[in-house]
Amino acid sequence: VKKEVYLIKGMTCASCSSAVERVTRKMDGVAVSEVNLATNKMTIEYDETKLTPEAIIDRVDRAGFGAELFVEERAAEQKEEKEEALHIMKRRLVFAVIFAVPLLYISMGHMLPFKLPLPAFLGMHTNPLNYALAQLILTVLVLICGRKFYVVGFKTLLKGHPNMDSLVAIGTGSAFVYSLVNTILIPSDHMHVENLYYESAAVVVTLVMLGKYMEARSKGKTSEAIRKLMELAPDTAVLVENGVEREVKSEQVKKGDILLIRPGKRIPLDGIVVKGGSSVDESMLTGESIPVEKEIGDEVIGGSMNYNGAMQIEVTRTGSDTTLSKIIKLMEDAQGKKAPISKLADQVAGYFVPVVIVIALLAAAAWAVAGQELAFVLRAFVSVLVIACPCALGLATPTAIMVGTGVGAGNGILIKSGEALERTHLVDTVVLDKTGTVTEGKPRVVRIVTEGMQERELLALAASCEVPSEHPLGAAIVETAREEGMELKETEQFESLTGKGIRAVLEGKEIHIGNARMLEELGVPCGSMGQAADEIAEKGQTPMFVAAEGKLLGIISVADTGK
């Protein structure tokens with residue numbers, strides 16, 4: 001069984017996606033065929049001994065739609081095509097509105113409680129033919145802007161798969177043809193001017209065009225979260241070959257290549273540290289705001305941020321194998337899968353359009369038999385068709401799933417499938433971990449322990465030393481001191497000690513700020529502050545030891561605080 005993804009063109013509503021599913025599922029060898037209207041993609045599983053991609057594309061074409069194999073390399077190009085189509089849609093909508101407004105003014109202005117000025121040559125009773133012709137010209141211009149409804153609507157109707165566009169085309173087309181006949185009869189009888197429904201056809205087409213544009217725009221925005229995830233991985237990497245550094249595109253990097261990761265840069269691909277060390281922010285994957293110390297032999301994740309040390313990594317995973325790529329794939333699969341409720345909506349949509357057309361015909365026939373005049377019969381026929389036009393039936397659920405999973409990803413919540421999202425209403429207990437979920441995701445100073453000096457004095461000293469540091473823990477100390485309105489001094493020397501802390505010279509005094517390992521290497525005893533350090537660590541906070549001239553001055557506790 002082979003699994004493939006196709007891009008389907010020409011779909012406008014749930015009836016379309018339902019029709020594509022129906023015709024492909026009937027093919028011999030097809031095990032699964034699911035069409036997602038929100039992404040315009042069809043996922044199909046078939047026996048490749050019985051079926052070929054060409055046969056699938058041909059079958060979709062014969063149903064009145066277009067199909068092409070989705071290729072990851074062409075994703076950017078296809079995205080540009082979508083954006084161009086959206087731009088064209090917007091331009092046509094603007095022109096439709098420009099023509100529909102004066103049409104509405106001419107045709108309906110006299111029905112308002114106050115009189116609107118209208119030239120005598122366009123008067124309904126003073127010049128009925130001019131009145132009708134002006135509406136005809138404006139309506140034709142609107143219908144040209146919305147011609148897609150008629151092209152697609154009648155095409156799918158003739159192919160035996162009527163869709164929502166078919167309802168718009170039949171409804172507004174009937175109103176237009178009826179009005180055109182009455183316009184032709186005006187010279188012989190001026191009373192025919194009373195039976196014009198040009199504005200109905202034009203305004204309905206304009207409003208449905210507005211709905212379609214908003215729909216298309218919202219479909220485009222739902223992929224925003226996935227785009228943001230993709231942007232985490234840098235486009236270029238610094239490749240080290242025989243001691244020579246050169247910048248290359250990330251996709252050109254192969255497994256086993258050595259990359260240089262400079263301070264303040266994102267790591268392009270997954271790998272293992274082979275030289276140097278640093279602090280790495282992996283919050284994009286773990287939600288943990290405190291950077292993780294990396295040494296030789298440690299694994300690093302593509303998309304994470306390197307802070308204060310340069311290091312070299314050996315690439316272990318590239319392309320679709322990287323952790324970030326797998327997260328993106330998980331997101332795309334979640335947005336592409338149908339929830340059970342979505343499948344139900346698509347089933348209903350498959351029967352919806354034909355049933356609506358039958359009901360419209362029955363309504364028209366009933367009023368005709370009851371003796372009503374043709375104008376009234378047409379109004380009943382058009383009303384039933386037009387009221388059923390909104391395509392929300394089949395689009396609401398997949399769009400809600402895309403928006404839901406997209407917003408979740410933007411907030412660091414990965415939802416595995418539409419079904420998982422749908423089933424969350426059954427949840428009665430939620431279990432949360434600490435980092436980034438119930439915390440701010442930003443470290444802050446929470447406690448200061450000193451011996452022989454004031455807390456403010458220790459904070460000011462530590463903050464002055466940490467000003468040149470790029471480390472988030474150092475930044476937290478500096479930020480707290482500035483919030484307290486402290487004046488910070490400039491260091492004479494500054495050195496970052498990767499994996500341990502910093503060394504600075506302030507007013508001729510050498511000061512070290514860092515972790516227990518740094519303290520141990522300096523041979524500085526914790527003394528009576530050892531118990532406080534243990535308490536801080538037990539609470540999941542990070543103790544920052546401040547030492548000067550072989551003596552421990554105090555401890556500054558930094559933690560990710562609760563929201």
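This is a predicted model: local features need pLDDT of at least 70, side-chain atom pairs count only at pLDDT 80 or more; totals for chains, interfaces and linings use all residues.
Local features need pLDDT of at least 70 and side-chain atom pairs count only at pLDDT 80 or more, while totals for chains, interfaces and linings use all residues. Residues are numbered from 1 along each chain as its sequence is written, and side-chain values use heavy atoms, with hydrogens and water left out.

View A. Strands are DSSP runs of E with at least two residues, helices are runs of H or I with at least four, and both are numbered from the N terminus; two strands pair if DSSP finds at least two bridges between them. Look for K2, whose bridge partner in β3 is Y46. β1 also pairs with β4 (residues 66-69), again in the antiparallel sense, this time over 4 bridges. On that side, I8 has A67 of β4 as its bridge partner.

**View B. A three-stranded open sheet.** The strand order is β10-β9-β12, and the pairing is antiparallel. β10 (292-294) and β12 (305-306) sit at the edges with a single partner strand each, so one side of each has no neighbour in the sheet. Between β9 (residues 278-281) and β12 there are 2 bridges, antiparallel in sense. One to pick out joins D281 to M305 of β12.

**View C. Helix α15 against helix α16.** The axes of α15 (residues 455-466) and α16 (residues 472-483) lie 8 Å apart, at an angle of about 125°. Axes are lines fitted to C-alpha atoms over the stretch in contact, and angles run from 0 to 180 degrees between N-to-C directions. The two helices are therefore oblique to each other (under 35 degrees is roughly parallel, over 145 roughly antiparallel, 65 to 115 roughly perpendicular, and the rest oblique). Contact, meaning heavy atoms within 4.5 Å, involves L459, A462, A463 and E466 of α15 with G474, I477, V478, T480 and A481 of α16. Sorted by type, that makes 6 nonpolar, 2 polar and 1 charged; Ala, Val, Leu, Ile, Met, Phe, Trp, Tyr, Cys and Pro count as nonpolar, Asp, Glu, Lys and Arg as charged, and the others, Gly among them, as polar.

**View D. T491 in its loop.** T491 belongs to the loop between α16 and β15 (493-497). With a relative accessible area of 17%, T491 is buried (under 20%; exposed is over 50%, partly exposed in between, with a 1.4 Å probe and protein chains only). Beyond its neighbours within four places in sequence, T491 touches S464, C465, P468, A504, V505 and L506.
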